[in-house]
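Reader: Hello! Could you take me through one part of this model up close, and then show me how that part sits in the whole chain?

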Amino acid sequence: IDLNAGFDEFVDKAPGAGAPLGDVIGALAQRGVDTTRAHFITYRNNLNKIMGTPYNARDAWEVGVSRHGRTVHLHVLEQREQREREAA
């Protein structure tokens, strides 16, 4: 496997854009997964952030929630402080 394949076509996300779930849902649909049967769809790291919150009171974050039928989509929203820290 060539890990450099497609690297020159990478487009970084715009600051504050977050991580939309469209790519995840598209990939699942491409593989024939019926996402309407799922209760939750999110990135794995979002669950790490939610479950780790009691142990990390230092970093602020917000979670965005939207409902599509009976499926809940969770996405962590990027904070201004995080953007400033990453820009420095």
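Author: Let's begin with Asp59, which forms a salt bridge with Arg58, their closest N and O atoms being 3.5 Å apart. The term salt bridge here stands for a side-chain nitrogen of Lys or Arg within 4 Å of a carboxyl oxygen of Asp or Glu. Side chains of opposite charge can pair when their charged atoms come close. By this rule, the count is 1 salt bridge.

How covered are the two partners? Arg58 is exposed, at 70% relative accessible area, while Asp59 is partly exposed, at 26% relative accessibility. Exposed means over 50% relative accessible area, buried means under 20%, and partly exposed lies in between, with a 1.4 Å probe and protein chains only.

A word on the source: this is a predicted model, in which local features need pLDDT of at least 70 and side-chain atom pairs count only at pLDDT 80 or more, while totals for chains use all residues. Residues are numbered from 1 along each chain, and side-chain values use heavy atoms, without hydrogens and water.

Now to the whole chain. The protein chain carries 11 positive and 12 negative side chains, and the centres of the two sets are 10 Å apart. Lys and Arg count as positive, Asp and Glu as negative, with His and the chain ends not counted; each charge is placed at NZ of Lys, CZ of Arg, CG of Asp or CD of Glu. Of the 88 residues in the protein chain, 15% count as buried. The C-alpha atoms fill a box of roughly 40 × 35 × 20 Å along the principal axes.
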